[in-house]
Amino acid sequence: QNLMTLLGKIIRIDIRGTTGTALYRIPADNPFAASTLLCNVNGSSAQNCPEIYAWGFRNPWSWSFDRQTGDLWLGDVGESAIEEVNRVRRGGNYGWRCFEGTQDISGRWATGATCATRRDLLPPIAEYSHTLGAAVTGGYVYRGTAVPGLVGRYIFGDFSSGRIWDIPNDTQPTMTMTGGLDTGFNISSFGEDNDGELYVTNIYRDLHRITGVGGGGAGVATQLSATGCVNASNATLPASGLIPYTPNAGFWSDGAVKERWIGLPNEQNITVGAEGDWDFPNGTVLMKNFRLDNRLIETRLFMRHPDGVWGGYSYEWNAQQTDATLVRGGKQVTVGGQSWIYPSEGQCVQCHTEAAGRSLGLETRQLAFNITYPQTGRDAHQLVTLNALNTLSSPIANPEDQVPYPNPTGTSGTLGERARAYLHTNCSQCHRPTGPTDMDLRYATAFANTNTCDVAPGVGDLGITNARLIAPGAASRSVLIARMSRRDAHAMPPVGSAQVDAEGAALLTDWVNSLTNCN
């Protein structure tokens, strides 16, 4: 809302015919063309910046012109709840940070009083909540010929969930998006070729052309009992052939007790990568039960479909404990006095990132210990068992010599090793190379190379004086500790949890306070 800075603005400049030291000219019909001071030197000025074309944006990603009408379309990434799409006009004020989408958020900021008097704020053309994604990627109005049904429709997506939507180019404010096409990609950009055909990039990996040729099928079953993943006569039990597993460094799930199984397609095997990460064949289903007070409350299925795309599905158990029903779009309920989140399909792949290989917790060092197998009641080493069952494309050599990650809540390993195992399990699915940040919180990464130690935060200090991501010897100045100790717009993890892991926060606090340097 500050018109004396270029931040959060769309700017328009004219670079034609400049002479001498002039970098550009100001178009005569820019909203503040009469200002005599340019803002190009340091991004701000004592006057309204004449470069501004429109304002009130948070983090546009990205924008394009409709080649037929000249309309400017933009995807603006939200903060904590809503992603939005704007059709931008000259002199338009699109609301941030008075509004996030159509939600009045002025009470969060010192600008609240100023926002209350605004009457010029423009609503978005479309918006969606963080149950469907977390980072909008703006696209194009389709003007090609290959897909007649898309002509004149604006196509955009979401980086985190991989969903793609299309809306008519004459849509009026504000359409609330639902569903969408689930690609399984991390959609970083759209592109348009000379013929108006559209392309989408899956970050760091590949390029796809939008053809409009979609798959059929009835979709995932509404009832868990109809999925084939559970016992036909008792849905609380897994189907025969599913293989139980347990990671040694478990993921925090709001205090729930979990049971996990692997379902592999016939004659297909798991590939073990050089760094111990596992890759599963198309047709794999990973199933997980969640219990509170010894009652089943949720079962999640994470499936690798025949086309290789992963999808997550959540089932809510009934009070009789006889079956569970598919939850579409996610929801939050009260269970046993605590808030419980059933994640949306988009939130599943937001946590099960492509950077981490999608299947979290299934790594060589996570499974390098004994468990009791419920089918037999016998205690056996998980890697030895998986070798014996011929589930791995290449058996793991000397499986009993593999050293497991320390259990963060156990007593084996040093304080630092248990803390790093916690970060590996709970944080490294995003915070690793090819992830959305510079941090690398994988267990094998030397602490000095994690890009966290004595590093100033790049996306807010939460009001902490002299804040660092991790401040050696000072947990109170460490943003990493502060984020995991809250459940608001600045919390980590950003989705899927309504309860702070107090024991995990205490572990990391003790570890950070024990640090004397970054080595």
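The legends below accompany an overview and several close-up views of a predicted model.

View 1. Along the principal axes, the C-alpha trace spans about 80 × 60 × 45 Å. Of the 519 residues, 48% count as buried, while the chain exposes about 24,200 Å², of which carbon and sulfur atoms supply 50%. Among contacts between residues at least 6 apart in sequence, 52% join residues that are at least 24 apart.

**View 2. The open sheet of six strands that includes β17 and β24.** The strands follow the order β17-β18-β21-β22-β23-β24, and their pairing is antiparallel. At the edges stand β17 (243-245) and β24 (324-327), each of which has a single partner strand, so one side of each is left without a neighbour in the sheet. Neighbouring strands of this sheet are turned by 25 degrees against each other on average, when direction is ignored.

**View 3. The pairing of β18 with β21 inside this sheet.** Strand β18, residues 257-263, and strand β21, residues 285-292, run antiparallel and are joined by seven bridges. Within this pairing, Arg 260 stands opposite Lys 288 of β21.

**View 4. Asn 248 in the loop between β17 and β18.** With a relative accessibility of 18%, Asn 248 falls under the 20% cut-off and therefore counts as buried. A polar atom of the Asn 248 side chain lies 2.7 Å from the backbone oxygen of Tyr 405. Leaving aside residues up to four places away in sequence, Asn 248 touches Gln 366 and Phe 369, and also Pro 404, Tyr 405, Pro 406, Asn 407 and Pro 408.

View 5. At 23% relative accessibility, Trp 252 counts as partly exposed. Its side chain makes a polar contact of 3.3 Å with the side chain of Asp 254, and the Trp 252 side chain also reaches the backbone oxygen of Gln 499 at 3.0 Å. When residues up to four places away in sequence are not counted, Trp 252 touches Lys 258, Tyr 422, Asn 426 and Arg 487, together with Ser 497, Gln 499, Val 500 and Asp 501. Ile 13, which is 239 residues from Trp 252 along the chain, has its C-alpha atom 50 Å from that of Trp 252.

**View 6. Strand β8 with its partners β5 and β12.** Strand β5 (residues 82-88) runs antiparallel to strand β8 (residues 126-129), and four bridges join the two. In this pairing, Glu 84 has Glu 127 of β8 as its bridge partner. Strand β12 (residues 175-176), by contrast, pairs with β8 in the parallel sense over two bridges. Here Ala 126 stands opposite Met 175 of β12.

Note on methods:
Residues are numbered from 1 along each chain as its sequence is written. This is a predicted model: local features need pLDDT of at least 70, side-chain atom pairs count only at pLDDT 80 or more; totals for chains, interfaces and linings use all residues. Side-chain values use heavy atoms; hydrogens and water are left out. Two strands pair if DSSP finds at least two bridges between them. Axes are lines fitted to C-alpha atoms, for helices over the stretch in contact, and angles run from 0 to 180 degrees between N-to-C directions. Buried means under 20% relative accessible area, exposed over 50%, partly exposed in between (1.4 Å probe, protein chains only). Contact means heavy atoms within 4.5 Å. Accessible areas come from the Shrake-Rupley method with a 1.4 Å probe; for residues, only the protein chains shown count as cover. A polar contact is a pair of N or O atoms within 3.5 Å; within protein, one must be able to donate a hydrogen and the other to accept it, and residues adjacent in sequence count only if both atoms are side-chain atoms.
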